Amino acid sequence: MSISNLMQKKSRITIFDEPVICRFCSHDVFIPYEVNVNVEQPGIGVRHTRDIAICQYCGEGKFFGDPSYYDAEKDNFIWALNQHLLSVRKYKIKFSLYVGKRNNDKITSFIDKLIQDLRIEVENMSDLKGGVGVVLQIKLSSLNDIQTIRSIIIDSAKRMNITIKDLTIK
């Protein structure tokens, strides 16, 4: 499979079943592209096609090639490059939080900060004995994104002196 056969969509790319990983942020979700570059001086007209994948987390470009080859001994073509398309999936984030004596302003500003930082929708908020239960909905396409979301929620809560009792993302 050459890059021209890869779709320019969010995906995970593997070479010999090893995932292509971004060297800056360690995420593995990319959109592959084909880039034509001049081999020598500009204007000569000799072009070389390079394969690049753009990390969907930090935007870093990663050049890669297709090392697929024909194995003459086994009379078989060895496909090295694979693309696994990702579908965007909705996850529900459920958590209960405690802020001490009822402090609606603190809860509201915490939820507003999460909505702004994560671009999420509030599905349900309910009062619980000793706290507030919140259900948020978010669209994600990577399991790495779930860990990032979890970290953002916990860090934001710590900064605002809010205790998260239970945090579930499914």
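Guide: In this text, buried means under 20% relative accessible area, exposed over 50%, and partly exposed in between (1.4 Å probe, protein chains only). The model is predicted, so local features need pLDDT of at least 70 and side-chain atom pairs pLDDT 80 or more, while totals for chains, interfaces and linings use all residues. Residues are numbered from 1 along each chain as its sequence is written, and side-chain values use heavy atoms, without hydrogens and water.

Visitor: What pattern does the chain follow along the sequence?

Guide: Helices (H or I, at least four residues) and strands (E, at least two) are DSSP runs, numbered from the N terminus. The chain holds two helices and 12 strands. Read along the sequence, these elements follow the pattern β-β-β-β-β-β-β-β-β-α-β-β-α-β.

Visitor: What share of the residues of the chain counts as buried?

Guide: The cut-off for this class is the one stated at the outset, under 20% relative accessible area. Of the 170 residues of the chain, the share that counts as buried is 34%.

Visitor: Within what arc do the buried residues of α1 fall?

Guide: Helix α1 covers residues 104-118, 15 residues in total. Its buried residues are Ile107, Phe110, Ile111, Leu114 and Leu118. Seen down the axis of α1, with directions taken from the axis to the C-beta atoms, these buried residues line one face of the helix, because they fall within an arc of 95 degrees.

Visitor: Which exposed residues does the opposite face of α1 carry, turned away from its buried side?

Guide: An α-helix has 3.6 residues a turn, so residues three or four places apart point the same way. On the face of α1 turned away from the buried side, the exposed residues are Asp105 and Gln116.

Visitor: How far apart in sequence are the parts that Arg12 and Asp28 tie together?

Guide: A search of the whole structure finds two salt bridges, each a side-chain nitrogen of Lys or Arg within 4 Å of a carboxyl oxygen of Asp or Glu. In one of them Arg12 pairs with Asp28, with the closest N and O atoms 2.8 Å apart. Arg12 lies in strand β1 (residues 11-15) and Asp28 in the loop between β2 (18-19) and β3 (30-38), so the sequence separation of the parts tied together is 16 residues.

Visitor: Is Asp28 buried or exposed?

Guide: Asp28 has a relative accessible area of 13%. Its class is therefore buried.

Visitor: Which residue forms a salt bridge with Arg23?

Guide: Arg23 is exposed, with a relative accessible area of 64%. The N to O distance in its salt bridge is 3.4 Å, and the partner is Glu60. Arg23 lies in the loop between β2 and β3, while the loop between β4 (47-55) and β5 (61-64) holds the partner, so parts 37 residues apart in sequence are tied together by Arg23 and Glu60.

Visitor: What is the geometry of the pair formed by the rings of Phe77 and Trp79?

Guide: The structure holds one aromatic pair. Rings of Phe, Tyr and Trp (its six-membered ring) pair if their centres lie within 6.5 Å, and planes under 30 degrees apart count as stacked, over 60 as edge-to-face and the rest as tilted. The centres of Phe77 and Trp79 are 4.8 Å apart and the planes stand at 65 degrees, so the pair is edge-to-face.

Visitor: Where is Phe77 placed?

Guide: Phe77 counts as partly exposed because its relative accessibility is 36%, whereas Trp79 counts as exposed at 51%. The place of Phe77 is in strand β7 (residues 76-78).

Note on methods:
The expected span of a helix is 1.5 Å times one less than its number of residues.
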